[in-house]
Amino acid sequence: MKLLKFTLYIFLPILLLNSCRDYVEVEQVGNNRVLKYTSDYRGLANNYTDMTASGGIHLLASAEVEFPTTYQTGVSTIWSNSYTWQEKIYDPSQGDSDWNGLYKAIYYSNVIIDGVMSSEGGTAAEKKEIYAEAFVHRAFAYLQLVNVYGPQFNPASANSEKAVPLLLKPDLFSSLERSTVGQVYDQIISDLQSALANDIQDTPPFNVLPSKSAVYALFARTYLYMGSYQLSLDNAQKALEMQSSLINLNTFASGFSYPVLIQNPEIIFSKTVLFMYRGAPLSNDLLNSFESNDLRYNYYTIAGTNFFPGYTGRGFGIANYSPTTGINIGVSVPEMYLISAECYARLGQPEKAVENLNILRAKRYKTATNYEVAATTNTEALNLALVERQKELIGRGFRWFDQRRLNLDPLYQKTYSRVFKGQTYTLEPNSDGYVFPINQNYIDLNPELGK
């Protein structure tokens with residue numbers, strides 16, 4: 001079946017564009033509205049809500065989340081199924097907001113790639129700028145999709161397992177046969193290369209727009225997930241050469257001093273977790289890993305009584321301190337320092353690894369307290385880098401992606417268990433529980449999704 005039934009509603013009509021012209025000037029061909037002017041495509045590219053919302057259900061399955069016993073009775077079926085690593089997440093009446101949102105961003109990116117260069121009323125430079133940006137949005141969406149709904153990329157294998165459909169044209173009638181993990185990663189790399197080849201801008205006016213540093217940073221994240229540590233390091237360093245600002249938490253009067261997303265100098269490229277996933281209770285193991293002088297405990301976490309339903313413990317705090325931001329899961333300066341540290345450790349340079357960790361930690365610990373870490377071996381440096389990732393990148397779903405890739409290393413493989421409503425659930429290394437199922441509703445309408 002080739003009809004994209006399950007997401008048809010998100011394609012029609014194409015959103016109202018930011019333009020002073022009457023909507024009737026957008027010409028129609030058949031059942032599709034065709035964008036005409038370059039400003040129409042800019043309006044589509046600048047649609048903040050649809051281009052930045054990037055799912056987040058996987059964070060509920062990660063080891064950084066722990067539902068207190070009293071909290072468990074109030075969570076939805078979707079939350080409980082994700083938390084306990086079920087083979088089925090959604091009821092027949094429910095849709096998958098993560099899947100729909102990411103493919104919506106891909107569709108809009110495809111519309112831009114397919115049509116902006118032949119649009120009217122814009123300069124060649126304006127068209128090329130919008131064109132290059134669309135490749136970055138599409139690459140980000142596919143990187144999320146393949147790491148939620150596909151098996152982990154394994155550098156020692158052919159990566160021939162089925163993952164998600166690769167839709168590269170803005171067609172309503174497309175095959176939904178799933179591409180392999182390797183094919184999806186090849187497309188992500190190709191899209192990022194296309195952005196560079198088309199002179200993606202260095203310094204856009206807002207961090208919600210893709211930039212050259214964002215491309216390098218996404219390369220760094222992609223290659224990290226692929227286990228290509230030298231390439232990951234090289235691109236993380238390129239990103240830091242272009243943007244390296246870190247916030248000094250000592251300058252904050254309280255968590256409410258945290259900057260809104262669009263003004264945050266640490267963010268290279270802004271993408272956000274869907275609002276519905278905020279407030280998940282953080283695990284005691286994670287909370288206990290913060291040292292007393294680490295300011296992130298008070299600025300990154302907040303008492304669970306601030307959420308509904310409330311709970312004993314703490315949740316991720318930034319969305320409460322700065323509610324207009326959303327929770328950023330796009331690439332950032334702290335992530336680039338952490339990627340650099342991990343890659344240096346894996347490549348046999350522990351001193352470089354801890355140097356990058358200490359650059360970050362200097363901005364996170366109370367003034368005049370000891371923030372520096374040291375390591376004499378690669379393993380010591382790597383362990384420090386992985387722990388620092390857990391503390392710095394909480395509340396965003398990165399822990400789940402780290403669990404997936406670390407399962408490939410016998411040194412870091414771990415069996416996770418959790419008790420939910422009196423029943424114990426277990427997640428074995430490299431089990432099917434690390435791959436989120438595609439909604440059965442979508443498979444019923446499009447059988448090739450299940451193949």
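**Close-up 1. Lys104 and its salt bridge with Asp50 in the predicted model.** At 18% relative accessibility, Lys104 is classed as buried, a term for residues under 20% relative accessible area, with exposed meaning over 50% and partly exposed in between (1.4 Å probe, protein chains only). The side chain of Lys104 meets that of Asp50 in a salt bridge, at 3.2 Å from N to O. The two residues belong to distant parts of the chain, Asp50 to helix H3 (residues 48-52) and Lys104 to helix H6 (residues 97-115), 54 residues apart. Asp50 is likewise buried, its relative accessible area being 17%. A salt bridge requires a side-chain nitrogen of Lys or Arg within 4 Å of a carboxyl oxygen of Asp or Glu. Helices (H or I, at least four residues) and strands (E, at least two) are DSSP runs, numbered from the N terminus. The model is predicted: local features need pLDDT of at least 70 and side-chain atom pairs count only at pLDDT 80 or more, while totals for chains, interfaces and linings use all residues. Residues are numbered from 1 along each chain as its sequence is written, and side-chain values use heavy atoms, with hydrogens and water left out.

**Close-up 2. Packing of helices H6 and H7.** The axes of H6 and H7 come within 9 Å and cross at roughly 155 degrees; H6 is therefore roughly antiparallel to H7. Axes are lines fitted to C-alpha atoms, for helices over the stretch in contact, and angles run from 0 to 180 degrees between N-to-C directions. Angles under 35 degrees count as roughly parallel, over 145 as roughly antiparallel, 65 to 115 as roughly perpendicular and the rest as oblique. Residues of H6 including Trp99, Leu102 and Ile106 meet residues of H7, among them Phe135, Ala141 and Gln144. By class, this contact of H6 with H7 comprises 14 nonpolar, four polar and two charged residues.

**Close-up 3. The surroundings of Gln144.** Gln144 is located in helix H7 (residues 124-149) and is buried, at 4% relative accessibility. Beyond residues up to four places away in sequence, Gln144 touches Ser54, His58, Leu102, Arg221, Ile329 and Phe401, contact meaning heavy atoms within 4.5 Å.

**Close-up 4. Helices H8 and H9.** Helix H8 (residues 181-197) and helix H9 (residues 212-226) have axes that come within 10 Å and cross at roughly 160 degrees. H8 is thus roughly antiparallel to H9. Among the residues in contact are Ile188, Leu192 and Leu196 in H8 and Val215, Phe219 and Tyr223 in H9. The contact of H8 with H9 consists of 13 nonpolar, two polar and one charged residues.

**Close-up 5. The salt bridge of Lys212 with Asp202.** The closest N and O atoms of Lys212 and Asp202 are 3.6 Å apart. Because Lys212 lies in helix H9 and Asp202 in the loop between H8 and H9, the pair ties together parts that are 10 residues apart in sequence. Lys212 is partly exposed, with a relative accessible area of 25%, and Asp202 is partly exposed at 41%.

**Close-up 6. The salt bridge of Lys162 with Glu177.** In this pair the closest N and O atoms are 3.6 Å apart. Lys162 lies in strand S3 (residues 162-165) and Glu177 in the loop between S3 and strand S4 (178-180), 15 residues apart. Lys162 is partly exposed at 32% relative accessible area, as is Glu177 at 48%.

Conventions:
Ala, Val, Leu, Ile, Met, Phe, Trp, Tyr, Cys and Pro count as nonpolar, Asp, Glu, Lys and Arg as charged, and the others, Gly among them, as polar.
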